[in-house]
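Hi,

Here's the structure I said I'd pass along.

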Amino acid sequence: MKTRIFLFVLTASLLMCGAQGFVLRASADTVDDLHRELKDVQYREAEIKIRLEQLDYDLKPENIERFFNGYGSTRPEELRESRRRQLQLEKDHLNSQLQQLASDRMRLETAIMNAQLLAATPHGAAAVLQPNANRHLWLSTNLRTMLALCGLVLLLGSLVLRVLVRRRRHVEGLSDTDITQSL
């Protein structure tokens, strides 16, 4: 009986250590993925800023006028106004994309800091507030750990209860039916 308990506790400990190593590797992979995603967002931000500078230059009245220099038209004002509206719509669209990318960049920077903290201190993970994008990782690792610990506590509790019942039966010399009726 004692060897069974010892083997069970040893196996549970080994499984917990292996799970902890997996969490550390997963955290390192997550940090790398977040860094790649952040670089992509920064690259897209830079592209949009370059295009916005070009649009600002193109929106100047003299540049709109110069755009239509080779065209012959009976209504040049309408063409210029149409060109200005087209450029302004594109500029507004790019500004909204830039705002979205800025919020994504802030979210990713926060997620990277939290993932690095998780990788550095896996036992302090419960104190880290995760952004919504990475909340599933935090919940799943903590939930698995909590379930494993609860299972271990329940198993050990049942074993202790079993030992106590056997001792009581041995001391009092009661049969199995007497024990179940007294509980």
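**What turned up**

Glu 77 counts as exposed, as its relative accessibility is 53%. Keep in mind that this is a predicted model.

Glu 77 also has a charged partner: its side chain meets that of Arg 80 in a salt bridge, 3.7 Å from N to O. The two are three residues apart in helix α3, so about one helical turn separates them. Arg 80, at 24% relative accessibility, counts as partly exposed.

That's one of 11 salt bridges in the structure.

- Arg 107 and Glu 37: the closest N and O atoms are 3.7 Å apart. Arg 107 is in helix α3 and Glu 37 in helix α1, so this pair ties together parts that lie 70 residues apart in sequence. Arg 107 is partly exposed at 30% relative accessibility, and Glu 37 is partly exposed at 36%.
- Glu 45 and Arg 105: here the closest N and O atoms are 3.1 Å apart. This pair, too, links distant parts of the chain, with Glu 45 in helix α1 and Arg 105 in helix α3, 60 residues apart. Glu 45 is buried, with a relative accessible area of 7%, while Arg 105 is partly exposed at 24%.

Now the rings. The structure holds one aromatic pair. It's Phe 67 with Phe 68: the ring centres are 5.0 Å apart and the planes stand at 90°, so the pair is edge-to-face. Which of the two is buried? Phe 68 is, with a relative accessible area of 15%; Phe 67 counts as partly exposed at 40%.

Last, the nonpolar side. In soluble globular proteins, nonpolar side chains tend to be buried together. The largest nonpolar core here has 16 residues, and the members touching the most others are Leu 34, Ile 48, Leu 52, Leu 55, Leu 94 and Leu 108. Two elements give two or more residues to this core, α1 (2–58) and α3 (76–120). The largest share, eight residues, comes from α3. So the helices α1 and α3 come up again here, having already been joined by the Arg 107–Glu 37 pair.

Cheers

Conventions: Residues are numbered from 1 along each chain as its sequence is written. This is a predicted model: local features need pLDDT of at least 70, side-chain atom pairs count only at pLDDT 80 or more; totals for chains, interfaces and linings use all residues. Side-chain values use heavy atoms; hydrogens and water are left out. A nonpolar core is a set of buried Ala, Val, Leu, Ile, Met, Phe, Trp, Tyr and Cys residues joined through side-chain atoms within 4.5 Å. Buried means under 20% relative accessible area, exposed over 50%, partly exposed in between (1.4 Å probe, protein chains only). Helices (H or I, at least four residues) and strands (E, at least two) are DSSP runs, numbered from the N terminus. Rings of Phe, Tyr and Trp (its six-membered ring) pair if their centres lie within 6.5 Å; planes under 30 degrees apart count as stacked, over 60 as edge-to-face and the rest as tilted. A salt bridge is a side-chain nitrogen of Lys or Arg within 4 Å of a carboxyl oxygen of Asp or Glu.
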